[in-house]
Every structure is written in structure tokens, then in C-alpha cells.
Amino acid sequence: MKVVLEKKDAGDWCYRGEGAINLVLAYSGSSPTFSGKIIRVPKVPRNGSIKETERSVLSEHECSLWKDVEAIVTSPNKEVAEQMYVQCVMIPLLGSEFVDPGVKILVSREFLELVERNVLSQRPGWRVSAANVDCGADSVLLMSDHSVFPQGTSKGKPCLSVEIKPKWGFLPSSSFIADENAIKKNVSRFKMHQVLKLQQQKIQQLSDYDPLDLFSGSRERIHKAFKALFANPQNNLRVFLNSSLIYGGMGGGDQGTDFVKVEAFEDNLKSFLHGENGLRKRNFVHLVGEAILKSGVLDRLLEVQKLDKFDVEGAIHAYYDIVSQPCKICKDSGEDRQLGKYSSLHSIPVDESLKIVRDYLIAATAKDCSLMISFRPREDDDQESHYRTIYLDSTKQRFDVKAFFIDLDMKPLNNMEYYYELDQKIVNSYKQMVKVERGAANGGTIEGLDVKFHNRL
């Protein structure tokens with residue numbers, strides 16, 4: 001029997017959070033079918049609408065891009081194509097142990113319209129301004145709620161979950177990076193992007209987090225990274241206790257009003273981690289660090305991120321050949337397509353161009369996804385668990401651990417120009433900050449840049 005969520009069901013789904021593409025709702029009703037589940041509800045930008053033709057099929061060029069994955073190309077609509085992308089592309093790369101593809105279930109328009117009204121007051125204002133629920137969608141993605149263990153809370157054991165958006169874990173080394181952008185080879189993308197976000201007032205202060213630390217494989221550097229995330233989580237860290245948010249922002253960004261404050265965090269950990277006041281946060285950092293090290297989950301993610309071998313400064317040239325358009329980058333730089341620096345990219349067979357762009361977009365998914373790590377205390381007399389277990393020496397406790405990647409969205413091919421333009425903005429804003437630092441060191445100033453940049457290098 002097909003499951004269809006109707007208007008009468010809307011009150012059973014509560015707001016959990018959201019990203020740029022989907023709203024996440026958790027089930028709070030009594031149906032065993034949905035207990036321990038969440039749904040991902042698609043959104044549509046406020047400044048536009050999704051035409052039926054755009055919802056129903058991939059573009060001609062996207063069909064060429066994914067021609068080797070029949071399940072994607074033959075999908076009846078983009079929602080199914082997204083699910084097939086996770087099933088057929090991301091699971092083989094990241095491992096079925098770490099990826100839940102979910103299942104599509106049907107929804108009525110009335111359900112979506114009422115859900116949108118119900119959660120409106122809980123959504124961050126800037127998210128509301130950017131997008132609405134896509135009430136024209138006919139399905140949503142049903143997934144397990146990875147912030148809990150199956151039936152874990154019903155047995156009286158607390159479950160602590162950490163949602164991390166790791167971002168880029170490596171420095172690019174592509175020969176196609178322009179000489180004037182060589183700073184990209186020495187400073188992480190996240191650190192550079194922070195400067196642009198501060199200029200755009202999307203964040204209130206620069207983060208000390210560096211993904212290179214989190215992906216380093218060094219216990220000390222992982223602890224350093226996680227402490228920095230905790231000090232300034234932005235949209236890169238959230239912590240849940242029994243599915244309830246106890247630290248971090250509801251909808252991403254650095255919006256202040258939707259931020260769960262740090263004061264109560266230690267108290268919230270009392271039911272979960274042993275230790276005196278003031279020590280539980282430290283033990284929490286060590287617990288997460290051990291899970292990252294022993295699961296090897298970020299090693300998997302890094303391998304997929306590194307499918308981007310050409311950087312966007314190389315991949316953009318392959319993109320223009322795929323869509324059979326004159327290369328704007330070569331035109332703007334005065335390069336000769338046949339004789340210039342990028343001539344090798346414009347002379348390769350189309351199948352090679354397709355692979356460059358396909359790998360770039362897969363890597364983009366891996367650079368932008370989130371990781372959910374959940375912990376449940378174990379007792380000595382507990383039955384043998386099929387989960388990984390971790391022993392935390394500082395508290396003399398043992399924990400079941402599970403890890404899942406979430407938000408593995410397929411990136412549209414027509415995003416390539418946006419990715420290139422954003423990359424240039426990020427690099428240019430960072431280079432401008434460097435000039436400010438040098439000017440400040442010499443006793444000068446540059447108009448238009450905030451003194452908050454000083455001493456952040």
C-alpha cells in the first residue's frame with residue numbers, strides 16, 4: 001500500500017532545521033511507520049518558481065553528463081534523480097555503511113502548504129526570505145533520524161549526536177590555477193571564504209576552524225578543529241541530545257537569535273558524560289575526536305573530494321566545451337583557445353571533458369555535505385552490539401557509535417559558472433584582506449575593509 005502524507009498528518013512533523021535546498025522535519029506522532037524518521041522537503045527560491053519542465057527531467061547536457069548511470073537519466077523527475085544519484089554514485093564511493101539513500105513517499109499539496117505555515121515561526125528569517133516550501137512537489141524523502149539509535153531513547157539510554165559540515169579537507173594543486181590565485185594552494189578554501197562572508201555580513205566574526213585540521217588524521221589537530229567549531233559553530237556544527245538541539249544554529253549561518261547558547265551545554269551533558277563541571281565539554285571533544293579517528297569516515301570523504309583534480313579554474317573550460325558555448329574565461333583573459341594556457345583542456349575528446357566536470361560536481365557534493373555522528377552509552381552487561389564501540393579513557397565509559405553522511409545533493413550542471421564566479425570572489429576578497437594586513441602593519445589603512453581582519457592571518 002502506498003503511503004501518502006495528507007493535510008491531517010502535517011501536525012505530526014516538527015521543524016528540525018534546513019539547508020539551501022531542503023527543509024528537514026522530524027516525526028513527533030505515534031505511528032510506528034514514521035517513528036524515528038525525518039523527511040526532507042524540497043524548497044523553491046522566493047525570487048523564482050520551478051517550471052514543470054524543470055521539475056520533470058534533467059537537461060540535455062545533464063543527460064550526457066550522467067549517461068553511464070541509467071537510473072539517473074531515466075528518472076521521471078528530479079526528485080527521483082536525486083535519490084538515484086545517492087544510490088548509484090555516492091554510496092559506491094562513500095560506502096553503504098555511511099550513507100542512507102532514504103525512500104520517496106508521496107505528499108499532497110495541502111500537506112506541504114500546512115507544513116509551511118506550521119514551521120514558519122521557527123525558521124530563521126534569512127531562510128524565510130530566501131525560499132519557500134516547494135508546494136508543487138509530489139514527494140518527499142523519508143529517512144531514518146540519525147540523531148538517535150533505533151529504539152535507543154525508549155530504552156532509557158540517552159543519545160548524543162553531532163552534526164558537522166566539514167567542508168574542503170585539502171589544498172588544490174592544479175596547474176590550471178592562475179598565478180595570481182596561487183594563494184589557493186596555501187590557504188584552505190574555508191578560511192578564505194570566511195573573509196568574504198564577513199564582508200557580506202553573513203557572519204559576525206571569523207572562525208578559527210580549519211578543515212585541514214579536521215581531516216589531518218592527527219588527534220591533536222582534530223581536537224583543535226573541533227574546539228574551533230565549538231567556539232564559533234556558524235552552520236558547521238550542531239549537537240543534539242535525544243533529538244533535541246542543545247548547541248548550534250537551527251538553520252545555518254551566524255544569525256544570533258537562532259543560536260542555542262553555550263551556558264547550558266555542560267548541564268545538558270550530565271546525563272551522558274561523566275565528569276566534573278567544566279570537564280564534560282573537554283571529554284565531549286575527545287569523544288568526537290576518537291570517533292573520527294577510529295571510524296575512518298573522513299578518509300572516505302576526502303578521497304571523494306579529491307576527485308576534483310583540475311580545480312574550478314580548469315573544470316570551467318571543460319564545462320563550456322560540454323555545453324558548446326564559447327569559453328568566457330578565455331575570452332575575458334585574452335587567451336587563445338588553441339594556443340593559450342588552457343588549450344589542452346579545449347582540445348580533449350568530449351568524454352574526457354564530461355569526466356572532468358562530472359568528477360568536479362561529485363567532489364562538490366562531498367565538499368558540501370554534512371556528517372552525523374551519534375553516541376549511546378554501553379554498560380558491561382549489554383548485549384553485543386553491531387555498532388562500532390569506543391572507550392573514552394577520561395570518563396571510563398564505553399559508547400556505541402554510528403556515522404552517516406547527509407545532504408548528499410546532486411549539484412546541477414548549470415552551477416558551474418556560479419562556482420567559478422564565487423571562487424574568484426573568495427580569492428579576491430582574501431587577497432584584499434592580505435593587503436589590509438600589510439597596510440595596517442605599515443601604519444596605513446584601506447577604505448572599506450573592517451579592522452576585524454587585523455591579525456587574522
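One cavity of 30 Å³ or more was found in the predicted model, a cavity being a set of points, on a 1 Å grid over the protein atoms alone, where a 1.4 Å probe fits but cannot get out. The largest cavity has a volume of about 50 Å³, where grid points are joined across faces, edges and corners and the volume is the space filled by probe spheres set on the points. Because this is a predicted model, local features need pLDDT of at least 70 and side-chain atom pairs count only at pLDDT 80 or more, whereas totals for chains, interfaces and linings use all residues. Residues are numbered from 1 along each chain as its sequence is written, and side-chain values use heavy atoms, with hydrogens and water left out.

The lining of the largest cavity comprises Trp 168, Phe 170, Leu 171, Pro 172, Lys 184, Val 187, Ser 188, Arg 189, Met 192 and Asp 423, where lining residues have an atom within 4 Å of a point. Six of these residues are nonpolar, one is polar and three are charged; Ala, Val, Leu, Ile, Met, Phe, Trp, Tyr, Cys and Pro count as nonpolar, Asp, Glu, Lys and Arg as charged, and the others, Gly among them, as polar.

Arg 189 and Met 192, both in the lining, are also among the buried residues of helix H7. Helices (H or I, at least four residues) and strands (E, at least two) are DSSP runs, numbered from the N terminus. Eight of the eleven residues of H7 (residues 189-199) are buried, so this helix is largely enclosed by the rest of the structure; buried means under 20% relative accessible area with a 1.4 Å probe, protein chains only. Gln 201, which follows H7, has a positive phi near 60°.

Strand S8 (residues 160-164) is mostly covered, with five of its five residues buried. Leu 160, Val 162 and Ile 164 point one way from S8, and Ser 161 and Glu 163 point the other way. S8 pairs in the antiparallel sense with S9 (residues 237-241) over five bridges, pairing requiring at least two DSSP bridges between the strands. Leu 160 has Leu 241 of S9 as its bridge partner. S8 also pairs with S12 (residues 370-378), antiparallel and over five bridges; there, Val 162 is partnered by Ile 373.

S9 and S10 run antiparallel and are joined by four bridges, with Leu 241 opposite Ser 244. Their hairpin has two residues between the strands, and Asn 242 takes a positive phi near 50°. Five of the six residues of S10 (residues 244-249) are buried, so this strand is largely enclosed by the rest of the structure.

Key: Buried means under 20% relative accessible area, exposed over 50%, partly exposed in between (1.4 Å probe, protein chains only). On a 1 Å grid over the protein atoms alone, a cavity is a set of points where a 1.4 Å probe fits but cannot get out, and a pocket is an open set with protein on both sides within 12 Å along at least five of seven lines; lining residues have an atom within 4 Å of a point.
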